[in-house]
Amino acid sequence: MTKRAYNFNAGPAALPLEVLQQAQEQFVDYAGAGMSIMEMSHRSALYEQVNDETQSLLRELYQIPSNYKVLFLQGGASTQFAMIPMNLLPAGKVGAYVMTGSWADKALKEAKLIGETAIAASSEAFKFNRIPDLSTIEIPDQAAYLHVTSNETIEGTQFKSFPVTGDVPLIGDMSSDILSRPVDVSQFGMIYAGAQKNLGPSGVTIVIVREDLVQESPKTIPTMLRYDTHVKNNSLYNTPPSFSVYLVNLMLKWVQGKGGVAAIEQYNRDKTQLIYQTIDQSGGFYKGFAETADRSTMNITFRIHTEELEKQFVKESEQQGFVGLKGHRSVGGLRASTYNAVPLESCKALADFMADFQRRNG
Ligand code: PMP
């Protein structure tokens, strides 16, 4: 049996062993074609089937209404930070952003390069340890869209519900929590996510966009950076990241096999519960970074009272087979990322390790 690490990486992150094994089985010969999926033309019937089926699976699992397109793009979620204002922020309008932390900030900075922006609400005064109260969000009259980061990967906060924006399209960066819980897609104009946390490997970015929003991009935008290019060509305008899309396909089937998104949500709750409980019951030895109401089911951020102990925690955890528990370099501390594919057993092992570490150092 392959020895697998307790993988709490923030992204790229753990994939289900079953998915990896299936990919391994099909690695040198996909569907009897005498070649791997990577060696095949993206115009071949077999690849087109992967492309179409992957879209259908996502549509089905996420209950995406028929007036939305599903795109597989490249350049990561970071490229979306620019494509959104390029395509959806015309002169005279304002791109509104809810400032929740590091990734919202990056999205906003990029939009500033393209057009006029506004901060609709912010939790910066609280060092981003919470999501701003939805009732404080002020959408400017000229808003082209309202952008939210549904889960802040670095701070470990997560929107538990989303602002109602009326005619203003709501855009969600769901890079670190897509498909981790049911979402009412019709509440959004657009949802996007790099695949490398909840959906598969790096290399492909998922965009779910309402058709009417992509019909009138300015003519000056380069071809590859226009949503309508990819809509018209069914994500096959140029060579797609075929192996990544194929792995997303396997990953979506795995989610389906687990009972779908609602079942995955429950599974994720059970997983994080084990770790949050250990933090909450530690009498202050471990301190969660995020406010309880807004803490993430995907990235659990916490601290121990000295940096020395944190270092020791990371070191000992690595010796015991845990990976990825060091917090992001920008905020320090500790972080356990518990995306869809992280098994309950890993979380159980981490909770046990944490309790044991406290016993020895508390
Ligand atoms: N948004 C969020 C919430 C993220 O967590 C990340 C990656 N960690 C990004 C955007 C950037 O994604 P990419 O590396 O795919 O550009």
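Trainee: I'd like to start with the ligand. Which helix gives the most to the shell around the ligand?

Mentor: Helix 3 does, with 3 residues. Please keep in mind that this is a predicted model. The shell as a whole holds Gly11, Gly76, Ala77, Ser78, Trp103, Thr149, Thr153, Asp173, Ser175, Ser176 and Gly194.

Trainee: How many residues of each class does the shell around the ligand have?

Mentor: Sorted by class, there are 8 polar, 2 nonpolar and 1 charged residues in that shell.

Trainee: Trp103 is on the ligand list. Which residues of helix 4 are buried?

Mentor: A residue is called buried when 20 or more other C-beta atoms lie within 10 Å of its own. In helix 4, residues 102-112, that gives Trp103, Ala104, Ala107, Leu108, Glu110 and Ala111. They sit on the same side of helix 4, because they cover an arc of only 160° around the axis.

Trainee: Now a record feature. Which residue does the UniProt annotation "modified residue: N6-(pyridoxal phosphate)lysine" cover?

Mentor: According to the unreviewed UniProt entry, the residue is Lys197. An annotation like this may be inferred rather than shown by experiment. In the model, Lys197 lies in the loop between strand 9 (190-194) and strand 10 (205-210).

Trainee: Is Lys197 buried or exposed?

Mentor: Count its neighbours: Lys197 has 30 C-beta neighbours inside 10 Å, so it counts as buried. Leaving out residues up to four places away in sequence, Lys197 touches Gly11, Ala13, Ser175, Ser176 and Tyr339.

Trainee: What does Pro240 touch?

Mentor: Pro240 touches His42, Phe72, Ser235 and Val245, again not counting residues up to four places away in sequence. Chain distance and space can tell two stories here: Pro240 and His42 are 198 residues apart along the chain, yet their C-alpha atoms are separated by 7.2 Å. Pro240 is in the loop between helix 5 (227-232) and helix 6, and with 22 C-beta neighbours inside 10 Å it counts as buried.

Trainee: Let's zoom out. Into which domains is the chain divided?

Mentor: Domain 1 runs over 18-257 and domain 2 over 259-361. Where they meet, the contact takes 24 residues from domain 1 and 23 residues from domain 2. On the domain 1 side, helix 2 (45-62), strand 7 (157-158) and helix 6 (242-257) each supply at least two residues. That side has 11 polar, 7 nonpolar and 6 charged residues.

Trainee: Where does UniProt place the feature "domain: Aminotransferase class V"?

Mentor: The unreviewed entry places this feature at residues 6-343. In the model, the span is 31% helix and 18% strand, and its end C-alpha atoms lie 9 Å apart.

Notes
Residues numbered from 1 in each chain as written. Predicted model: local features only at pLDDT ≥ 70, side-chain atom pairs only at ≥ 80, totals over all residues. Domains from an automatic or database assignment. Contact = placed C-beta atoms within 7 Å. Helix = DSSP H or I, 4+ residues; strand = E, 2+ residues; numbered from the N terminus. Nonpolar A, V, L, I, M, F, W, Y, C, P; charged D, E, K, R; others polar. Buried ≥ 20, exposed ≤ 12 C-beta atoms within 10 Å, placed from the backbone. Arc of directions from axis to C-beta. Near = placed C-beta within 6 Å.
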